[in-house]
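Please read it alongside the sequence and the structure.

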Amino acid sequence: KTCSPGAIGARGGRAVIDQRRCTGCGACLGACPVDAIRLPGGTKEEIDVCLRELLSPGGAPATPRIVAFTCARAIEALPPPYLELPLPCVALVTPWAILRALSLGAAGVAVITGNSPCRDRHDPEGLEREIRASGKILEALGVEAHRIVVLDAPAPPGLSEFEALLGRMSRVPWQGEGGVPPPLGLGSLVAR
């Protein structure tokens, strides 16, 4: 159901992908309950490595540090303090990815949908559901849900307004013990 182009069907009791209809948006990755689908650059492990590099103590000193999930085909670079993490498609942004960025020290997360020539490949409604779910998890954990924003274009005033909003909040919602980030699993993030 999450596949907008209808590229996933059933054959012989198994899910099958029609490569001719698949756009490579990756929306199916987060929806697959058994992690049976792989997209280069879109696995949790790959996203985790990129987030750790972006948010490492030796990384960019910008304050507040804001992770910006963008399409890998993005047209223009983002200004500091935005730390850009290009994905095969923004449809890969899940509550796990958002919570992971925050757990590693990001003050906020921006999902930029409008700076790519393939902007219509992802499912905007599905992305909004993921963002709402992420906000509800944050609120349940006592963290401001508006640390997450979806921007249709990477141009001011949206970027500067979000940066200013985050500047008025506490620096980082979570910190691992001894400066060590929490483990990879979503359960461990929720447990905190």
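## Salt bridges

A salt bridge is taken here as a side-chain nitrogen of Lys or Arg within 4 Å of a carboxyl oxygen of Asp or Glu. By that criterion the structure holds four salt bridges. The model is a predicted one, in which local features need pLDDT of at least 70 and side-chain atom pairs count only at pLDDT 80 or more, while totals for chains, interfaces and linings use all residues. Residues are numbered from 1 along each chain as its sequence is written, and side-chain values use heavy atoms, with hydrogens and water left out.

One of the pairs joins Arg20 to Asp18, with 3.2 Å between the closest N and O atoms. For accessibility, buried means under 20% relative accessible area, exposed over 50%, and partly exposed in between, computed with a 1.4 Å probe on protein chains only. Arg20 counts as exposed because its relative accessibility is 76%, whereas Asp18, at 23%, counts as partly exposed. Arg147 pairs with Glu144, the closest N and O atoms being 2.9 Å apart; here Arg147 is buried, with a relative accessible area of 0%, and Glu144 is partly exposed at 29%.

Salt bridges that share partners join Asp48, Arg52 and Arg100 into one network. Within it, the closest N and O atoms of Asp48 and Arg52 are 3.0 Å apart. Because these two residues lie four residues apart in helix α2, about one helical turn separates Asp48 from Arg52; helices (H or I, at least four residues) and strands (E, at least two) are DSSP runs, numbered from the N terminus. Asp48 is buried, with a relative accessible area of 8%, while Arg52 is partly exposed at 38%.

## The nonpolar core around Phe69

A nonpolar core is a set of buried Ala, Val, Leu, Ile, Met, Phe, Trp, Tyr and Cys residues joined through side-chain atoms within 4.5 Å. The largest such core has 32 residues, and Leu51 and Phe69 have the most contacts inside it. Elements giving two or more residues to this core include α2 (44-54), β3 and β5 (108-112), and α3 gives the most, with six residues. Apart from this core lies another, of twelve residues, among them Ala68, Ala110, Leu151 and Leu159.

Phe69 is found in strand β3, residues 66-71, and counts as buried because its relative accessibility is 0%. Not counting residues up to four places away in sequence, Phe69 touches residues including Ile47, Leu51, Leu85, Val109 and Ala110, where contact means heavy atoms within 4.5 Å. The C-alpha atoms of Phe69 and Ala110 are separated by 6.3 Å, although the two are 41 residues apart along the chain.
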